[in-house]
Amino acid sequence: MNVNKSPGLGAYAALPLLTIVLFSLASLFFVFVLGDPSPVPVFVIFALIWSVSMALFAVLPGRGKSIARGAAMFLVGSFILVLAGWLGRNNFQIEGFFFQIFSGTLSGVIVHFAVGKILGPFLTGRAWCGWGCWTGMVLDCLPYKGGAVWRGTALSRLRAVHFALALLLTGVLYYGFSYTTVQADPEAMKTGMGTVSGFLWFAAGNALYYAAGIALAIAFKDNRAFCKYLCPVTVFLRTGARVAPLRIKGDAKQCTSCGTCSSICPMGIDVPAYVAENRRVASTECILCMKCVAACPTACLKTSVGFDVASVERLRRPAS
């Protein structure tokens, strides 16, 4: 039996390559279809941050991998928080997206959601959750890093409830009370019954997400409990991830069913179950963090590109 083998660079290559493809397609669309090249520099920055971080993840040993992935989330999150949120007075929470949709405004918020969370997942799955989410970055620093299990399907439905409530709240505020968010325009701030700086919504929303995420992590001893049970953005992300070509693939002949990959998976996916069925890890909960690829003692896991549908969720449940 081969033990403690190290996966080659090719085991990770599909993720940074498809990330570059995603931002290249987005850039081409804005330049040649919309005639608006203004988002392209941001796409280039994000593609550079992610591709370099992913490459470092592939080559660095041990804790260096966590540092590389954490750095990607920190840099992307800081860019959005400071430049787009604080200085641009935008709300990049889901409520801000809904406000922009209702007002018919093509803004940075719309572009962010379209590329990263709505259309992007049809190509790269939930890579945003593993490499770009600022909430996930904070939660990953908590001490509950392994042994995550799912607490049943009822709790996970709260994500859809949260999504619906956010949509309903913003709809009522916008259409019922002429309430919306605006950028840093002093004159615009004087108009409407309830206009407010988008950054105030963004800051308040982030604070609530962090508080809820930390509370759930402590209650369930699971860093990513917020992602599993309460994050409303997963409604968008899981839709694209259902058919995304980018997934983890295992070699059943090399797999020893040791369970290392599942025990280290922050999303509680039963990876060996997919490998034993000779299927790719077609789970809409996979965040492409690649921790399982790095941890596999026989190096039987890798990122791959193919076409299948995530129809059955193989998730770890508490022992009965």
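Reply: Helix 3 gives the largest share of the lining of the largest pocket, 7 residues. The model is predicted, local features need pLDDT of at least 70 and side-chain atom pairs pLDDT 80 or more, while totals for chains, interfaces and linings use all residues. Residues are numbered from 1 along each chain as its sequence is written, and side-chain values use heavy atoms, with hydrogens and water left out.

Me: What makes a space a pocket, and which residues are closest to the centre of the largest pocket?

Reply: On a 1 Å grid over the protein atoms alone, a pocket is an open set of points with protein on both sides within 12 Å along at least five of seven lines, whereas a cavity is a set where a 1.4 Å probe fits but cannot get out; lining residues have an atom within 4 Å of a point. The largest pocket has a volume of about 590 Å³. Of the 25 residues that line the largest pocket, Ser66, Arg69, Asp140, Lys145 and Lys291 are the closest to its centre. A volume here is the space filled by probe spheres set on the grid points, which are joined across faces, edges and corners.

Me: How many cavities of 30 Å³ or more are found?

Reply: A search of the whole structure finds 5. The largest cavity has a volume of about 180 Å³. Its lining has 18 residues, and the closest to the centre are Lys117, Trp128, Cys133, Cys231 and Val233.

Me: Why is the contact of aspartate 140 with arginine 69 called a salt bridge?

Reply: A salt bridge is a side-chain nitrogen of Lys or Arg within 4 Å of a carboxyl oxygen of Asp or Glu. Aspartate 140 lies in the loop between helix 8 and helix 9 and arginine 69 in helix 3, so the pair ties together parts that are 71 residues apart in sequence. Helices are DSSP runs (H or I, at least four residues), numbered from the N terminus.

Me: Are these two residues buried or exposed?

Reply: Buried means under 20% relative accessible area, exposed over 50%, and partly exposed in between (1.4 Å probe, protein chains only). Aspartate 140, at 17%, therefore counts as buried, and arginine 69, at 8%, also counts as buried.

Me: Which salt bridges does glutamate 285 form?

Reply: Arginine 159 forms one with glutamate 285, at 3.0 Å between the closest N and O atoms. Arginine 238 forms another with glutamate 285, at 3.2 Å from N to O. Arginine 238 lies in helix 14 and glutamate 285 in the loop between helix 16 and helix 17, so this pair ties together parts that are 47 residues apart in sequence. Glutamate 285 is buried, with a relative accessible area of 2%, and arginine 159 is buried at 4%. Arginine 238, at 24%, counts as partly exposed. Arg126, Arg159, Arg238, Glu285 and Glu313 are linked in a network of salt bridges.

Me: What makes helix 4 largely enclosed?

Reply: In helix 4 (residues 94-103), 7 of the 10 residues are buried, so the rest of the structure largely encloses this helix. The buried residues are Ile94, Glu95, Gly96, Phe97, Phe98, Phe99 and Gln100. Just after helix 4, glycine 104 takes a positive phi of about 70 degrees.

Technical notes: Helices (H or I, at least four residues) and strands (E, at least two) are DSSP runs, numbered from the N terminus.
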